[in-house]
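Work through these exercises with the structure open beside you. Try each task before reading its solution.

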Amino acid sequence: MPVFAANLTMMFNEWPFLDRFDAAADAGFAAVEYLFPYEAPPEAIAERLARNNLQQALFNLPPGDWAGGERGIAALPGRFDALTSDVERALDYAAATGVRRLHLMAGLADPHDEDAASSYRRSVAHAAGRLAEKGIDLLLEPINGRNMPGYFLNDFGAAEKLIADLGLPNLKLQFDIYHRQIIHGDVTMALRRLMPITGHIQIASVPSRNEPDGEELNYPYLFKEIDRLGYDGFIGCEYIPRGHTLDGLGWFRPFARS
C-alpha cells in the first residue's frame with residue numbers, strides 16, 4: 001500500500017507552518033514533505049516530527065533568492081560557492097529531521113547553454129557526493145514549463161541521461177506525475193521504465209493541480225501500478241486543495257493511518 005506524505009507547503013495552509021505537522025498527523029498521514037524548512041529552527045521541526053510520530057519524506061535544498069524569483073542555483077554559472085554552503089545548511093536540517101532524500105533545484109537557465117549545463121553537472125556531482133557521506137539520496141526533478149517557465153531541467157530524458165552519465169548510486173529521479181503528464185504524458189510506461197532510478201514520487205490532478213481524485217489521470221490505477229512495480233518509497237501529495245484541506249481528503253481515507 002502506498003505511504004503518502006502530506007506536502008505542508010501546499011496543504012494544511014489553514015494552520016501556521018509548525019502546526020501543520022499536528023494537523024497532518026491528525027488527518028492520518030504518516031509522513032510529511034515541504035518545499036523548504038529554513039524559516040523554522042531545525043530542532044522545532046524535529047520536535048513536531050517526534051511528537052506526531054511522523055517521518056520526514058523530503059525537502060528541497062535552499063533555492064537561492066526565492067522571493068526575488070530564483071528557482072534554484074545549481075545551473076547558474078558563478079554560484080558554485082553558494083551552492084556548497086547551501087548543501088551544508090540543508091544537511092543541518094537533514095540531521096535534525098532524519099530525512100533520507102533531498103531535492104536539488106536546477107534554476108532558471110537555458111538547458112542548451114554549455115556553461116549552464118557544466119555548472120549543473122558540477123553542482124549535482126558535488127551535492128550527491130556530500131549527501132552520500134550522510135547516507136542521503138539526491139533527487140533531480142524535471143519541472144514543466146507552464147508552471148515554471150525557463151526552468152533548466154524541463155525534460156525527463158535529460159534527467160535520466162545525467163543520472164546514467166554520473167553513475168552515482170545515491171542520485172535518483174524525483175518522478176512528479178503531474179509534471180510528467182504535462183511535459184510528456186505516457187505516465188504508466190514511464191513509471192515502468194524509470195522505476196529503477198526513481199527515489200520519490202509526487203502527485204496532483206492534471207491540469208488543475210488539485211486533489212488526485214479526478215480530471216485526466218486515473219490515480220487509483222496508478223497507485224495499484226506503483227505497488228505492482230515494487231516501489232517502497234513515499235508518495236508526496238504536492239497538490240493545491242480546492243478548498244479546506246480536510247474537506248478534500250476523501251481520496252486519502254482508505255490509506256490513512258489509524
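**Exercise 1.** Decide whether D22 is buried or exposed, then find its salt-bridge partner R51 and state the gap between them.

*Solution.* This is a predicted model.
- Step 1: The relative accessible area of D22 is 16%. Buried means under 20%, so D22 is buried.
- Step 2: D22 and R51 form a salt bridge, and their closest N and O atoms are 3.3 Å apart.
- Step 3: R51 has 48% relative accessibility, so R51 counts as partly exposed.
- Step 4: D22 belongs to helix α1 and R51 to helix α2 (residues 42–51), so the bridge ties together parts 29 residues apart in sequence.
- Step 5: Look for further links. A network of salt bridges joins D19, D22, E47, R48 and R51.

**Exercise 2.** How many salt bridges does the structure hold? Then place E160 and R193.

*Solution.* Side chains of opposite charge can pair when their charged atoms come close.
- Step 1: The total is 15 salt bridges.
- Step 2: One of them joins E160 and R193, at 2.8 Å from N to O.
- Step 3: E160 sits in helix α5 and R193 in helix α7 (residues 187–194), so this pair ties together parts 33 residues apart in sequence.
- Step 4: E160 has 27% relative accessibility, so E160 counts as partly exposed.
- Step 5: Another bridge joins E133 and R130, with the closest N and O atoms 2.7 Å apart. E133 has 58% relative accessibility, so E133 counts as exposed.

**Exercise 3.** R20 has no salt bridge; which side chain of opposite charge is nearest?

*Solution.*
- Step 1: Locate R20 in helix α1. R20 is buried.
- Step 2: The nearest side chain of opposite charge is E14, 7.1 Å away. A salt bridge needs the atoms within 4 Å.
- Step 3: Check what surrounds R20. Beyond its neighbours within four places in sequence, R20 is in contact with L8, T9, M11, F12, N13 and W15.

**Exercise 4.** Classify the ring pairs that F252 makes with F4 and with F29.

*Solution.*
- Step 1: There are 21 aromatic pairs. F4 and F252 form one of them, with centres 6.2 Å apart and planes at 85°. Planes over 60 degrees apart count as edge-to-face, so this pair is edge-to-face.
- Step 2: F4 lies in strand β1 (residues 3–7) and F252 in the segment after β8 (234–237), 248 residues apart.
- Step 3: F252 has 2% relative accessibility and counts as buried. F29 and F252 have ring centres 3.9 Å apart and planes at 5°, so the pair is stacked.
- Step 4: F29 lies in the loop between α1 (17–26) and β2 (31–33), so its pair with F252 ties together parts 223 residues apart in sequence.
- Step 5: F29 is buried too, with a relative accessible area of 0%. Ring pairs link F4, F29 and F252 into a cluster that also includes F12 and W15.

**Exercise 5.** Which residues have the most contacts inside the largest nonpolar core?

*Solution.*
- Step 1: The core has 82 residues. F12, F29, Y120 and I177 have the most contacts inside it.
- Step 2: Helix α3 (residues 80–97) gives the largest share of this core, 7 residues.
- Step 3: A separate second core has 6 residues, among them A31, A57, L139 and F234.

Terms used
Residues are numbered from 1 along each chain as its sequence is written. This is a predicted model: local features need pLDDT of at least 70, side-chain atom pairs count only at pLDDT 80 or more; totals for chains, interfaces and linings use all residues. Side-chain values use heavy atoms; hydrogens and water are left out. Rings of Phe, Tyr and Trp (its six-membered ring) pair if their centres lie within 6.5 Å; planes under 30 degrees apart count as stacked, over 60 as edge-to-face and the rest as tilted. Helices (H or I, at least four residues) and strands (E, at least two) are DSSP runs, numbered from the N terminus. Buried means under 20% relative accessible area, exposed over 50%, partly exposed in between (1.4 Å probe, protein chains only). A nonpolar core is a set of buried Ala, Val, Leu, Ile, Met, Phe, Trp, Tyr and Cys residues joined through side-chain atoms within 4.5 Å. Lys and Arg count as positive and Asp and Glu as negative; His and the chain ends are not counted. Contact means heavy atoms within 4.5 Å.
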